[in-house]
Amino acid sequence: MRFVIIGAGRVGLRTARVLRDEDHEVTMVERDEPTRRRAREQGFTVVDGDGSREDVLEAAGIADADALGALTGDLNVNFTACMIGNHHGCRTVMRIDEAYREGIYRKYADQVDEVIYPERLGAIGAKNALLGGTIRAIADVAPHLQVVELTLTADAPVNGYTISELHLPADATVLAFGKGDGPLEIPTEDLSLEADDRLVVLADFDVLSEVRQLLVGETAERATANAGTGTSSAATELLEGDTDGGAN
């Protein structure tokens, strides 16, 4: 597949490397000369220019691209690049760095194929490392929805239940089940839940604390504190600042 990546800074360059390692064709767009030079030293084709200009994207081959990743630190540039990508019929992915607010998400989500939050993903990794043990956040799929993997403990109220007897809150759904260290699979109703079993759950942030109480056996106070509210205004502090400047 062919990809155009806007922004050769930290996020864009890492993404480009992953795509290239999987044998995809990648062209980058970057207007900052030192950043552009660094990407070229790593073997990438880099077009000099502002990623929000259609002529620059056309020079990068947007007409033949399967997808465009607008991954600069400038929200306006990213959005404009995605609108140009939409016009050329390719998939569009837009980076947002602002505070993790539902209003920001809603403003752009309907007009691009995917919105990503690199700082939020970094925050999830840091949170997992800090909490350790029985709970692992996997992904935020919307401002109010998170996928988490929980390991049942001996203190879990549902220990000994079958999947059919497990009644999670209305805004939570079991996606996968793993027996101990075994592979994750689609659960069947007669599976019995035991300590060290793993459940992957999609849940609204409002009910995460209830889910944690049921599956991990946390107290209500601790579950509420650990589940959080879904906002992450401090997430940007968990990663070093991006090197993307100006348009890219």
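Analyst: This is a predicted model, and its protein chain has eight helices and ten strands.

The sheet is open and has six strands in the order β3-β2-β1-β4-β5-β6, paired in the parallel sense. β3 (45-48) and β6 (114-116) are its edge strands; each has a single partner strand, so one side of each is left without a neighbour in the sheet. On average, neighbouring strands of this sheet are turned by 20 degrees against each other, direction ignored. In general, strands of a sheet pair through backbone hydrogen bonds, parallel or antiparallel. For β1 and β4, the parallel pairing runs over four bridges. Ile5 stands opposite Gly69 in β4.

Helix α1 (residues 10-21) lies across β1, β2 (25-30) and β5 (91-95), and runs at about 165 degrees to β2. Helix α4 lies across β1, β4 and β5, at about 175 degrees to β5.

Next, the nonpolar packing. The largest nonpolar core has 25 residues, and those with the most contacts inside it are Val29, Leu57, Leu68, Met94 and Ile96. At least two residues of this core come from each of β1 (2-6), α3 (54-59), β4 (67-70), α4 (75-87) and α5 (102-109). Helix α4 supplies the largest share, five residues.

As for the cysteines, a disulfide requires two cysteine sulfur atoms within 2.5 Å. The sulfur of Cys82 has its closest cysteine sulfur in Cys90, 8.4 Å away, which is too far for a bond. Taken from the other end, the closest cysteine sulfur to that of Cys90 is in Cys82, again at 8.4 Å and too far for a bond. The count of disulfides is therefore zero under the 2.5 Å cut-off. Both side chains can also be placed by burial: Cys82 is buried, with a relative accessible area of 0%, and Cys90 is buried at 4%.

For the chain as a whole, buried residues make up 48% of the 248 residues. The accessible surface comes to about 12100 Å², of which carbon and sulfur atoms hold 48%. Among contacts between residues at least 6 apart in sequence, 58% join residues at least 24 apart.

Definitions and conventions. Residues are numbered from 1 along each chain as its sequence is written. This is a predicted model: local features need pLDDT of at least 70, side-chain atom pairs count only at pLDDT 80 or more; totals for chains, interfaces and linings use all residues. Side-chain values use heavy atoms; hydrogens and water are left out. Buried means under 20% relative accessible area, exposed over 50%, partly exposed in between (1.4 Å probe, protein chains only). Contact means heavy atoms within 4.5 Å. Accessible areas come from the Shrake-Rupley method with a 1.4 Å probe; for residues, only the protein chains shown count as cover. A nonpolar core is a set of buried Ala, Val, Leu, Ile, Met, Phe, Trp, Tyr and Cys residues joined through side-chain atoms within 4.5 Å. Two strands pair if DSSP finds at least two bridges between them. Axes are lines fitted to C-alpha atoms, for helices over the stretch in contact, and angles run from 0 to 180 degrees between N-to-C directions.
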